[in-house]
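Have it open while you read, and skip to whichever point you care about.

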Amino acid sequence: MARLRLGVVISGRGSNLQALLDAAADPTYPAEVALVVSNVARAAGLARAEAAGVPIRTIPHGDFVDRPGFEAAMDGELRNAGVDLVCLAGFLRVLTPWFVTRWHDRLINIHPSLLPAFPGLDTHAKALAAGVRWTGCTVHHVRCTVDSGPILIQAAVPILPDDTEASLATRVLTQEHRCYPLAVRWIAEGRTSIVGERVIVDGVEAANPLGLLNPAS
Ligand code: GRF
């Protein structure tokens with residue numbers, strides 16, 4: 001069966017891109033990375049795509065007079081590549097409703113907190129400052145409000161007494177790299193639907209097979 005064609009959109013390091021590339025290296029994985037788009041010319045993630053033999057497009061947002069022009073260029077590249085699902089992976093631009101609507105239910109994001117807690121940037125600093133005992137990551141469908149949308153999967157990690165932003169980020173990232181390929185797998189296998197802005201997986205609302213991923217459980 002044809003594999004789902006992913007367009008992965010990045011701005012930087014690309015470790016989540018790497019997790020998707022690694023998953024897709026298995027021919028039985030139901031999705032492949034068809035294109036990587038970066039709005040940052042020197043994004044380290046671009047080298048990861050090249051190493052995997054995946055086409056890349058650099059679209060510097062500064063080359064465009066406005067956001068719609070930038071997004072139209074990105075949209076064009078994704079469509080030309082026959083992308084089925086756009087995966088935001090450390091993409092540091094806010095998307096306009098035009099782009100979000102154009103890719104409705106075919107646009108997902110990974111965020112390093114348990115949404116709706118701590119949207120936006122500096123999530124680990126926010127979690128430490130708030131004194132929460134648990135944080136984690138979320139893969140979700142993208143809607144017009146930043147870091148919102150139907151949740152596909154979450155994994156939680158504990159916050160430990162001596163944690164720093166860096167140590168917490170490392171613990172969360174380990175879970176991100178497990179969550180993103182799994183969420184994509186579910187979509188590619190046609191196992192998800194969105195009903196009333198909630199994701200149903202295999203007929204179950206709030207499916208959480210990753211409970212076992214919690215180090216403390
Ligand atoms: C990740 O923590 C992701 O959740 C957030 O940005 C970071 C990107 O890291 N959206 P990487 O570029 O995938 O390594």
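1. Let's begin with a pair of residues facing each other across strands. Ile200 sits opposite Glu205, the latter belonging to β10. Keep in mind that this is a predicted model. The strand pairing behind this is β9, residues 198–201, with β10: the two run antiparallel and are held together in the assignment by two bridges.

2. Zooming out a bit, these strands belong to an open sheet of three, ordered β8-β9-β10 and paired antiparallel. Which strands stand at the edges? They are β8 (192–195) and β10 (204–205); each has a single partner strand, so one side of each has no neighbour in the sheet.

3. Now the ligand. Around it you'll find Arg13, Gly14, Ser15 and Asn16, then Gly90, then Ile110, His111 and Pro112, and finally Glu176. By type, that shell comes out as two nonpolar, five polar and two charged residues.

4. A ligand oxygen lies 2.8 Å from a polar backbone atom of Gly14, and a ligand nitrogen is 2.9 Å from a polar backbone atom of Ile110. With Glu176 the side chain is involved: one of its N or O atoms is 2.6 Å from an oxygen of the ligand. As for cover, the ligand on its own would expose 370 Å², and the protein buries 84% of that.

5. Where does the ligand sit? The space it takes up is the largest pocket.

6. As background, most peptide bonds are trans, and most residues other than glycine have a negative phi. The bond joining Leu115 and Pro116 is cis, with omega at about 10 degrees. You'll find Pro116 in the loop that runs between β5 and α5 (123–130).

Terms used: Residues numbered from 1 in each chain as written. Predicted model: local features only at pLDDT ≥ 70, side-chain atom pairs only at ≥ 80, totals over all residues. Heavy atoms only, no water. Near = heavy atom within 4 Å. Polar contact = N/O pair within 3.5 Å; in protein donor to acceptor, adjacent residues only side chain to side chain. Areas by Shrake-Rupley, 256 points an atom, 1.4 Å probe, with all protein chains shown as cover. 1 Å grid on protein atoms, 1.4 Å probe; cavity = no way out; pocket = protein on both sides within 12 Å on 5 of 7 lines; lining within 4 Å. Sits in = over half its atoms within 2 Å of the grid points. Nonpolar A, V, L, I, M, F, W, Y, C, P; charged D, E, K, R; others polar. Pairing = 2+ DSSP bridges. Helix = DSSP H or I, 4+ residues; strand = E, 2+ residues; numbered from the N terminus.
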